[in-house]
Amino acid sequence: GAWRLVGVGDVLGALSADGPGQRRVGDSVVHSSAPVVDSPSAATLGPQPFIESDDARVLAWVNGLAGGADPLAQTARLVEAIHPMVDATKRGLPPAALVMLEQGGDCDGAAALLVAGLRARGTAARPVVGYRWVEGRFVPHAWVEVYTATGWMLADATVPRIGDDPRYLKLFDGLGGALTMGRVLGRLQLEPMAAPGAP
């Protein structure tokens, strides 16, 4: 499918809507099966605020999980381990890997821990936020893009899900619903449209 993004100009200009399964075309986002193959940057491999991939507690947890060297196998094992920690009622907790590991959390925490776990194993990963189509409407959501042999792939420990899914609509790279999605809530609307032809 395809969605026209209707909103304030400065919001539209700030979006990073290209990602696995979708491409931005002007003011629209269209479903696309073309792989996203931009090379990982240093920022997608190391620790960052809220993504404590070098913390001893994260390293011990990751090293206790099987998963092998293959990024997809690692992702599947981490998604399986994180999913039981997800608790949507904990949305007030900071979206940090350590907080998720020690207290559980919502989709933001799950994304932070999945990214931290993958980076701790040497796999490039980045958190993203946007919307997920649930029961006939879009709801704010956070998930992960992991770098594989075929390019970036969607991974979500909350649902759980690995691989392309047209129910996801990426809007920003980064973490934190209030920090990122707060810029578009109430300012950006999505209108369904006929796909203009994905590149």
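E145 is located in strand β5, which spans residues 137-148. The model is predicted.

- The E145 side chain forms a polar contact with the side chain of R126 at 2.7 Å.
- A polar contact at 3.2 Å links the side chain of E145 to that of K170.
- Apart from neighbours within four places in sequence, the residues in contact with E145 include G19, P20, W152 and M153.
- Also among the contacts of E145 are A124, A125, R126, V128 and K170.

**Strand β4 and its pairing with β5**
- Strand β4 comprises residues 125-134, and because eight of its ten residues are buried, β4 is largely enclosed by the rest of the structure.
- β4 pairs with β5 in the antiparallel sense, over ten bridges.
- Within this pairing, A125 has V146 of β5 as its bridge partner.
- The two strands β4 and β5 form a hairpin, with two residues between them.
- In the turn of this hairpin, E135 has a positive phi of about 50 degrees.

**Pairing of β4 with β8**
- β4 also pairs with strand β8, residues 168-173, in the antiparallel sense over five bridges.
- The bridge partner of V128 in β8 is D173.

Definitions and conventions
Residues are numbered from 1 along each chain as its sequence is written. This is a predicted model: local features need pLDDT of at least 70, side-chain atom pairs count only at pLDDT 80 or more; totals for chains, interfaces and linings use all residues. Side-chain values use heavy atoms; hydrogens and water are left out. Helices (H or I, at least four residues) and strands (E, at least two) are DSSP runs, numbered from the N terminus. A polar contact is a pair of N or O atoms within 3.5 Å; within protein, one must be able to donate a hydrogen and the other to accept it, and residues adjacent in sequence count only if both atoms are side-chain atoms. Contact means heavy atoms within 4.5 Å. Buried means under 20% relative accessible area, exposed over 50%, partly exposed in between (1.4 Å probe, protein chains only). Two strands pair if DSSP finds at least two bridges between them.
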